[in-house]
Amino acid sequence: MEDNIFLDKVIEFIVKDTKIDYDKGRVHLSFFPYPFFPHHLTPLFGSFSRYCKNVYGLTDKEIEYVWKEFLSIIKDKVENGK
């Protein structure tokens with residue numbers, strides 16, 4: 001990705017807006033109205049993609065990069081409790 005600084009900021013904002021209920025192991029996403037378990041996030045790619053296009057103006061390739069990084073960070077947070 002050419003513009004990793006911008007994309008990394010997008011990831012940072014999305015992660016910051018994501019709330020994790022560590023007691024229940026659920027993730028509350030800013031772009032989706034219902035909480036999910038981290039291993040069930042993959043089906044939300046369509047909502048995530050629309051959100052990134054509408055809010056940040058990202059291309060499909062950029063969205064794939066952001067999604068992959070976002071999932072990795074969230075799963076790590078849930079597994080490690082922080």
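This is a predicted model: local features need pLDDT of at least 70, side-chain atom pairs count only at pLDDT 80 or more; totals for chains, interfaces and linings use all residues.
Just after helix H2, glycine 57 takes a positive phi of about 70°. Residues are numbered from 1 along each chain as its sequence is written, and side-chain values use heavy atoms, with hydrogens and water left out.

**Overall architecture**

- Along its principal axes, the C-alpha trace spans about 35 × 20 × 15 Å.

**Surface, contacts and charge**

- Of the 82 residues in the chain, 34% are buried, a term that stands for under 20% relative accessible area, with exposed meaning over 50% and partly exposed lying in between (1.4 Å probe, protein chains only).
- The accessible surface of the chain comes to about 5,400 Å², and 52% of that surface belongs to carbon and sulfur atoms; the areas come from the Shrake-Rupley method with a 1.4 Å probe, and for residues only the protein chains shown count as cover.
- Among the contacts in the chain with a separation of 6 or more, 51% are made by residues 24 or more positions apart, contact being defined as heavy atoms within 4.5 Å.
- The chain carries 12 positive and 13 negative charges, whose mean positions are 5 Å apart; Lys and Arg count as positive and Asp and Glu as negative, whereas His and the chain ends are not counted, and each charge is placed at NZ of Lys, CZ of Arg, CG of Asp or CD of Glu.

**Helix H2**

- Helix H2 has 12 residues and reaches 15 Å from its first C-alpha to its last, close to the 16 Å expected at 1.5 Å a residue, the expected span being 1.5 Å times one less than the number of residues.
- The buried residues of H2 are Ser47, Phe48, Ser49, Tyr51, Cys52 and Tyr56, and the buried residues of this helix pack against helix H1 (4-17) and helix H3 (60-80).
- Serine 47, which lies in helix H2, counts as buried because its relative accessibility is 17%.
- Leaving aside neighbours within four places in sequence, serine 47 is in contact with Phe31 and Phe32.

**The loop between E2 and H2**

- Histidine 40 lies in the loop between strand E2 (26-28) and helix H2 (45-56), and at 37% relative accessibility histidine 40 counts as partly exposed.
- Histidine 40 and valine 27 are 13 residues apart in sequence, and their C-alpha atoms are 9.7 Å apart in space.
- Leucine 41 is also found in the loop between E2 and H2, and at 1% relative accessibility leucine 41 counts as buried.
- When neighbours within four places in sequence are left aside, leucine 41 is in contact with Leu29, Phe36, Trp67, Leu71 and Ile74.
- Between leucine 41 and valine 27, which are 14 residues apart in sequence, the distance from C-alpha to C-alpha is 8.8 Å.

**Helix H3**

- Valine 66 lies in helix H3 and is buried, with a relative accessible area of 0%.
- Not counting residues up to four places away in sequence, valine 66 touches Leu7, Val10, Ile11, Ile14, Phe48 and Leu58.
- Valine 66 and phenylalanine 31 are 35 residues apart in sequence and 14 Å apart in space, C-alpha to C-alpha.
- Tyrosine 65 has its place in helix H3 as well, where tyrosine 65 is partly exposed, with a relative accessible area of 23%.

Note on methods
Helices (H or I, at least four residues) and strands (E, at least two) are DSSP runs, numbered from the N terminus.
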